[in-house]
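Colleague: I have not looked at this protein before. Could we go through it step by step?

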Amino acid sequence: HAGDVLILSGDVPRLRPDTLHALAAACVASRGGLALATFTPCDPTGYGRIVRDGDGAVQAIVEQRDASAEQRTLGECNAGVYCAAASLLRRELPRLRSGNAQGEIYLTDLVAIAAGQGGVGVVRVPADEVAGVNTREQLAELEALALAGT
């Protein structure tokens, strides 16, 4: 595959097609070959924080467990929805390492790589659009919103 790849979470049922189109466009426009969706939740606990430079450009995502006290005060968070150039994924995924607090390979490390290779596209979305379903209660809440048309 020579094009772009959408990377989505399976537990965000309210993600809109317009957001995916915007991500694809932001990926094409980015010089680093990557775009991501961000949101600002009421409580950012548990989410990866978006780190920006002085000019407002995204530099990285820092996961909650790896974040400093200062980084934990950041309110903009990773929605876990991306569009990436297939060439970036082929080149960089094998290079990712697990040197972090959880001992895991973080897909989010691609953001810093893409930022260093020219920049990352960003699409800001409302928190309710990327709300995840991890319990039956959350599923019922999101289903009620969908039925209400909100």
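Predicted model: local features only at pLDDT ≥ 70, side-chain atom pairs only at ≥ 80, totals over all residues.

Colleague: What radius of gyration does the protein have, and why does it agree with a compact globule?
Modeller: The C-alpha atoms fill a box of roughly 45 × 40 × 30 Å along the principal axes. For 150 residues, a compact globule would have a radius of gyration near 15 Å, so the value for the protein agrees, at 16 Å.

Colleague: Of the contacts between residues at least 6 apart in sequence, what share joins residues at least 24 apart?
Modeller: Contact here means heavy atoms within 4.5 Å. Among the contacts between residues at least 6 apart, the share joining residues at least 24 apart is 71%.

Colleague: Is Glu 129 buried or exposed?
Modeller: Glu 129 sits in the loop between strand S6 (121-124) and helix H4 (136-148). Its relative accessible area is 4%. Buried means under 20%, so Glu 129 counts as buried.

Colleague: With which side chain does the side chain of Glu 129 make a polar contact?
Modeller: Leaving out residues up to four places away in sequence, Glu 129 touches Arg 14, Leu 15, Arg 16 and Thr 19. The polar contact, at 2.5 Å, joins the side chain of Glu 129 to that of Thr 19.

Colleague: How far apart are the centres of the positive and negative side chains?
Modeller: The protein has 13 positive and 18 negative side chains. The centres of these two sets are separated by 6 Å.

How values were computed
Residues numbered from 1 in each chain as written. Heavy atoms only, no water. Helix = DSSP H or I, 4+ residues; strand = E, 2+ residues; numbered from the N terminus. Buried < 20%, exposed > 50% of the residue type's maximum accessible area, 1.4 Å probe, protein only. Polar contact = N/O pair within 3.5 Å; in protein donor to acceptor, adjacent residues only side chain to side chain. Rg over C-alpha atoms; globule rule 2.2 N^0.38 Å. Lys, Arg positive; Asp, Glu negative; His and termini not counted. Charge placed at Lys NZ, Arg CZ, Asp CG, Glu CD.
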